[in-house]
Amino acid sequence: MNKLIGLAASLLRLVPSPVPHRQERLRGQHASVDGIKYSMPVNSDDSPVLMAAFPINKRAAAAILPGTELRPFSLGGKGLLVVTVVNYKSTDIGKYIEYSLAIAVTHGSRPAPPLLPLVFQKTFGLGQYVVDLPVSTEVSVKGGKGIWGMPKHQANLDFVVTDAAVSAQYDDGGRLGCFIEIERPPAVGIPLKLAASNYCAFRGMLMKSDIYFEATGDIALGGDARARLVLGDAPGVAALKDLQPAENPVFTAYLPEAHGVLDDHYEAWFLTAPTAEEAARIPGGDPLESVVGLGQGQEWLAAPDRSTTARTGTGDTR
């Protein structure tokens, strides 16, 4: 097994960087958007990342997706709930935690065949629809939602790493949002170079942005992956409780020091429905007014209350 992992790692090191050449050409340039100053490209360094994916009810996932062009990615007849928590330690807008709860999707006029989107990612618009995205700071909300349309809101967040596990919790207004804990995968040090597309609803439009990560990570698959997911009763996760996440994850991953680039280019489409009445009922995200007046505060709220998710606690599990 160690020889196979070593061979895979050697091959993965040959994979070219996913960061587009344009982002490299922008290096050294500066920008000011909505008053937020960026040194280009929009990047982050030395940021630990926790990831886990859980099978979910695909029909229930489809019911959450807005508009007519997003569909759940299918793996063995199931959809996937993807939990990604990034502890950003070095960015242009300071330190903050970002807690993503998303459904793996494809984008297009027709359903994608199973598995092929994993090979032809761009052809089938493989990505994730971000249902909830709490963050630590006001300025992250102002930039992430106001520029890229991400459903960010400020909440109580933490990110805890021990020798045995990595965990993160989010509370909102005194209520539990989500708790995720993964058993640390074996330290195999797989080199990862990933490009991911985020689809988000904002102002009645579907917004698509791309992020690129490079890191050396530890991954566990199938029966070797162990995680605990607890969904609470905060408003942001209400829609996720109908997805019936499986107890066992498809994979878990821990990236101790990821380096990321968020593309400054993004796309947007109107969210549509067959009738005006149905269009008015599309969950099109927050309105423009939700970001008007936001400042650039970098202060964090208090840490979440871990007593509700201790193994002997009373967290509302799936």
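Good morning, colleagues. Please keep in mind throughout that the model is predicted.

I begin with the open sheet. Four strands make up this sheet, in the order E9-E10-E11-E14, and their pairing is antiparallel. At the edges stand strand E9, residues 156–161, and strand E14, residues 227–231, each of which pairs on one side only. On average, neighbouring strands of this sheet are turned by 5° against each other, direction ignored. Strand E10 covers residues 165–172 and is joined to E9 by six bridges, the two running antiparallel. In that pairing, Asn 156 stands opposite Asp 171 of E10.

Strand E7, residues 127–135, pairs with strand E12, residues 190–202, in the parallel sense over two bridges. There, Tyr 129 has Tyr 199 in E12 as its bridge partner. With E13, by contrast, E12 pairs in the antiparallel sense, over 13 bridges. Ala 201 has Leu 206 in E13 as its bridge partner. The hairpin of E12 and E13 has two residues between the strands, and Arg 203 takes a positive phi near 60° in this hairpin.

Is Gly 149 buried or exposed? Its relative accessibility is 0%, so Gly 149 counts as buried. Leaving aside neighbours within four places in sequence, Gly 149 is in contact with Gly 144, Cys 200, Ala 201, Phe 202 and Met 207. Gly 149 and Met 207 are 58 residues apart along the chain, yet their C-alpha atoms are separated by 6.0 Å.

I turn now to charged side chains. In general, side chains of opposite charge can pair when their charged atoms come close. How many salt bridges does a search of the whole structure find? The search finds eight, and I shall discuss some of them.

In one of them, Glu 24 and Arg 27 meet through their side chains at 3.2 Å, N to O. Glu 24 is partly exposed, with a relative accessible area of 39%, and Arg 27 is also partly exposed, at 46%.

Another salt bridge brings together the side chains of Glu 183 and Arg 226, at 3.9 Å, N to O. Glu 183 lies in strand E11, residues 175–183, whereas Arg 226 lies in the loop between strand E13, residues 205–221, and E14; the pair therefore ties together parts that are 43 residues apart in sequence. Glu 183 has a relative accessible area of 41% and is partly exposed; Arg 226, at 43%, is partly exposed as well.

The salt bridge of Lys 208 with Asp 210 has its closest N and O atoms 3.4 Å apart. Here both residues are buried. Through salt bridges that share partners, Lys 208, Asp 210 and Glu 267 are joined into one network.

Leu 75, Leu 115, Leu 116, Leu 118, Val 119 and Phe 120 make a nonpolar surface patch of about 540 Å². One of these residues, Leu 118, lies in helix H4, residues 116–119. Because its relative accessible area is 53%, and exposed means over 50%, Leu 118 counts as exposed.

Thank you for your attention.

Terms used: Residues are numbered from 1 along each chain as its sequence is written. This is a predicted model: local features need pLDDT of at least 70, side-chain atom pairs count only at pLDDT 80 or more; totals for chains, interfaces and linings use all residues. Side-chain values use heavy atoms; hydrogens and water are left out. Two strands pair if DSSP finds at least two bridges between them. Axes are lines fitted to C-alpha atoms, for helices over the stretch in contact, and angles run from 0 to 180 degrees between N-to-C directions. A salt bridge is a side-chain nitrogen of Lys or Arg within 4 Å of a carboxyl oxygen of Asp or Glu. Buried means under 20% relative accessible area, exposed over 50%, partly exposed in between (1.4 Å probe, protein chains only). Patches are made of residues with over 30% relative accessible area and no salt bridge: like charges are joined within 9 Å, nonpolar side chains (Val, Leu, Ile, Met, Phe, Trp, Tyr) within 5 Å. Accessible areas come from the Shrake-Rupley method with a 1.4 Å probe; for residues, only the protein chains shown count as cover. Contact means heavy atoms within 4.5 Å.
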